[in-house]
Amino acid sequence: MVILLVATTTDPASINPATALLAMPGWTPRPALQDMKSFANQQVRLLQHDRGIVEEDHLDVRWEEATGEAVDELIFFSKHTAVSNRPALTVHPIGVPHLREGEVPPQGGKPGWAAPPNPRIGPWLRLLKKIAQSYNMVPEFEITLEGTHHGPETNKLAMFVEIGSTEEYWRRLDAAKVVAQLVWEGLGLGGEPAIGNWSRDVTKKKVLLGIGGGHYAPRHMDIVQKDDVWVGHLLSGYCLPMEDPSQSKAEANTTVIGGTWKQAIEVAFETTKLAFPGGDIMAHLDHKSFKSWQRNAITAFLADQNIKIGKPNDFLI
């Protein structure tokens with residue numbers, strides 16, 4: 001099994017971390033995949049292409065067909081944009097599970113799809129903050145999760161590592177070095193144990209499935225910053241479209257509340273289970289982000305689906 005890192009030359013926040021990583025020991029050129037350069041270091045393969053990072057679907061399948069090497073996970077380098085323009089380093093799972101069939105995803109992927117979330121997301125968020133602090137980039141840079149969003153499509157474990165939020169920060173070489181160091185340490189390329197490997201033998205099995213809240217998941221971040229919490233999909237409020245029922249808003253009958261919110265939860269839960277076999281997956285709700293009728297409907301649906309709901313302390317035991 002190999003780990004596929006993906007960068008694009010069209011984005012400085014993508015190619016600069018890749019270049020910084022390639023400057024570290026142990027990399028050797030590999031044959032190109034179609035028109036994409038590739039490099040190898042132990043069990044890691046780095047792939048560079050010249051198109052938008054969300055445009056190249058199923059790179060894992062294409063790599064496997066070309067090389068015979070099975071791909072276990074994909075990690076993408078990318079820029080992050082935000083209305084606030086605040087400098088940030090972010091990690092997040094990918095998918096657009098809330099979109100209906102026939103809708104065109106604005107940033108890649110396939111409607112109703114989500115990739116299994118890479119188990120490294122939680123441990124790497126904590127490692128990212130530690131490395132950024134060592135570079136004196138905190139508090140200038142916010143270190144944060146983002147909700148599940150965008151492509152490209154893959155059915156392997158996947159995550160994005162991003163630099164935000166404007167051209168000035170996308171080109172920051174210290175930010176690129178932090179991301180490169182994150183990958184170097186996180187994948188154990190320097191000889192130390194890799195960080196964020198999941199197995200059935202891990203002693204801490206609590207996995208957070210985030211439901212509700214804003215794009216940067218502040219309520220979920222409060223939990224994930226603690227040690228030993230794993231992170232599954234994070235469904236922000238906009239990924240839970242719910243149609244206001246005509247009857248009492250206190251009604252918790254999920255059959256009368258339209259929208260793709262149930263689809264999004266089902267897809268997020270099933271792919272999180274795939275990513276964490278044997279894990280104790282619990283939904284964590286940002287209660288304050290919902291109206292009462294929304295909260296009632298979601299909790300009733302989770303109960304119908306036998307999805308456990310966890311309070312903050314449940315994840316820290």
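**Backbone exceptions and helix packing**

At 6% relative accessibility, His-150 counts as buried, since the cut-off for that class is under 20% relative accessible area. In this predicted model, His-150 lies in the loop between β9 and β10 and has a positive phi of about 55°, although it is not a glycine. Gln-34, another residue other than glycine, likewise has a positive phi, near 55°; this residue is found in the loop between β2 (28–33) and β3 (36–41) and is exposed, with a relative accessible area of 57%. Most residues other than glycine have a negative phi, and most peptide bonds are trans.

Cis peptide bonds occur at two further sites, joining Val-138 to Pro-139 with omega about 15° and Gly-164 to Ser-165 with omega near 10°. Pro-139 is placed in the loop between α3 and β9 (142–145), whereas Ser-165 belongs to strand β10 (residues 157–165).

Helix α3 (residues 121–134) comprises 14 residues and reaches 20 Å from its first C-alpha to its last, close to the 20 Å expected at 1.5 Å a residue. The helix is mostly covered, with ten of its 14 residues buried, including Trp-124, Leu-128 and Ile-131; α3 is followed by Asn-136, whose phi is positive, near 60°.

The axes of helix α7 (residues 261–275) and helix α8 (residues 292–304) come within 11 Å and cross at roughly 45°, which makes α7 oblique to α8. The crossing of α7 past α8 is right-handed. Trp-261, Lys-262, Ile-265 and Glu-266 in α7 meet Ala-297, Ile-298, Phe-301 and Leu-302 in α8, and by class this contact has six nonpolar, no polar and two charged residues.

Note on methods: Residues numbered from 1 in each chain as written. Predicted model: local features only at pLDDT ≥ 70, side-chain atom pairs only at ≥ 80, totals over all residues. Heavy atoms only, no water. Helix = DSSP H or I, 4+ residues; strand = E, 2+ residues; numbered from the N terminus. Expected span 1.5 Å × (residues − 1). Buried < 20%, exposed > 50% of the residue type's maximum accessible area, 1.4 Å probe, protein only. Axes fitted to C-alpha atoms, helices over the stretch in contact; angles between N-to-C directions. Parallel < 35°, antiparallel > 145°, perpendicular 65-115°, else oblique. Left-handed = near helix turned anticlockwise from the far one by under 90°. Contact = heavy atoms within 4.5 Å. Nonpolar A, V, L, I, M, F, W, Y, C, P; charged D, E, K, R; others polar.
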